[in-house]
Amino acid sequence: MTNARVHWHEDAACRSADPEELFADSAQQNRAKAICTGCPVRTECLVEALDNQIKWGVWGGMTERERRTLLRRKPHVLSWRRLLIDDPAPQSAPRARG
């Protein structure tokens, strides 16, 4: 098991929110995204949605449209958990010596 928490949802800022707020239509999605602001498990939530290709609702502060766009831009990512949680340090190319 990685260092990611299995029960991250227990600490989610939305755990007591009305589900209709989180799965609102586009006009209400900004209110749902505001719930995510400052959430201590925002990244875990986003990873859950990306790795499982969840199609509906606001997860980790991103709407379904925003997640689809991200998935299309980064089709090579096999594990968002690995990228965002397990090894979040940006990878840089080795510098050429010369």
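Author: Of the 98 residues of the protein, 29% count as buried, where buried means under 20% relative accessible area, exposed means over 50%, and partly exposed is in between (1.4 Å probe, protein chains only). This is a predicted model, in which local features need pLDDT of at least 70, side-chain atom pairs count only at pLDDT 80 or more, and totals for chains, interfaces and linings use all residues. Residues are numbered from 1 along each chain as its sequence is written, and side-chain values use heavy atoms, with hydrogens and water left out.

The protein has 5 helices and 0 strands, so called because helices (H or I, at least four residues) and strands (E, at least two) are DSSP runs, numbered from the N terminus. Read from that end, the order is α-α-α-α-α.

The part I'd pick is helix α4, which covers residues 64-73 and includes R68. What does E66 form with K33? A salt bridge, with the closest N and O atoms 2.8 Å apart. The term stands for a side-chain nitrogen of Lys or Arg within 4 Å of a carboxyl oxygen of Asp or Glu. E66 sits in helix α4 and K33 in helix α2 (residues 29-36), so this pair ties together parts that are 33 residues apart in sequence. Both ends are partly exposed: E66 has a relative accessible area of 28%, and K33 has 21%. A search of the whole structure turns up 1 salt bridge.

Now look at R67, also in helix α4. R67 is buried yet has no salt bridge, and the nearest side chain of opposite charge, E64, is 4.8 Å away.

R68 has another story. Its relative accessible area is 41%, so R68 is partly exposed. R68 also belongs to a patch of positive charge on the surface, together with K55, R65, R72 and R73. Patches are made of residues with over 30% relative accessible area and no salt bridge, with like charges joined within 9 Å and nonpolar side chains (Val, Leu, Ile, Met, Phe, Trp, Tyr) within 5 Å.

Next, the loop between α3 (42-51) and α4, where you'll find Q53. Q53 has a positive phi of about 45° although it is not a glycine. With a relative accessible area of 53%, Q53 is exposed. W59 is in the loop between α3 and α4 too, but W59 is buried, at 18%. W59 and V47 are 12 residues apart in sequence, and their C-alpha atoms are 8.6 Å apart in space.

Finally, a glance at the segment before α1 (19-22), which holds W8. W8 counts as buried, at 8% relative accessibility. The C-alpha atoms of W8 and T43 are separated by 9.8 Å, although these residues are 35 apart along the chain. A12 is in the segment before α1 as well, and A12 counts as buried at 3%. From A12 to C36 you go 24 residues in sequence but 8.3 Å in space, C-alpha to C-alpha.

Terms used:
Accessible areas come from the Shrake-Rupley method with a 1.4 Å probe; for residues, only the protein chains shown count as cover. Lys and Arg count as positive and Asp and Glu as negative; His and the chain ends are not counted. The place of a charge is taken as NZ of Lys, CZ of Arg, CG of Asp or CD of Glu.
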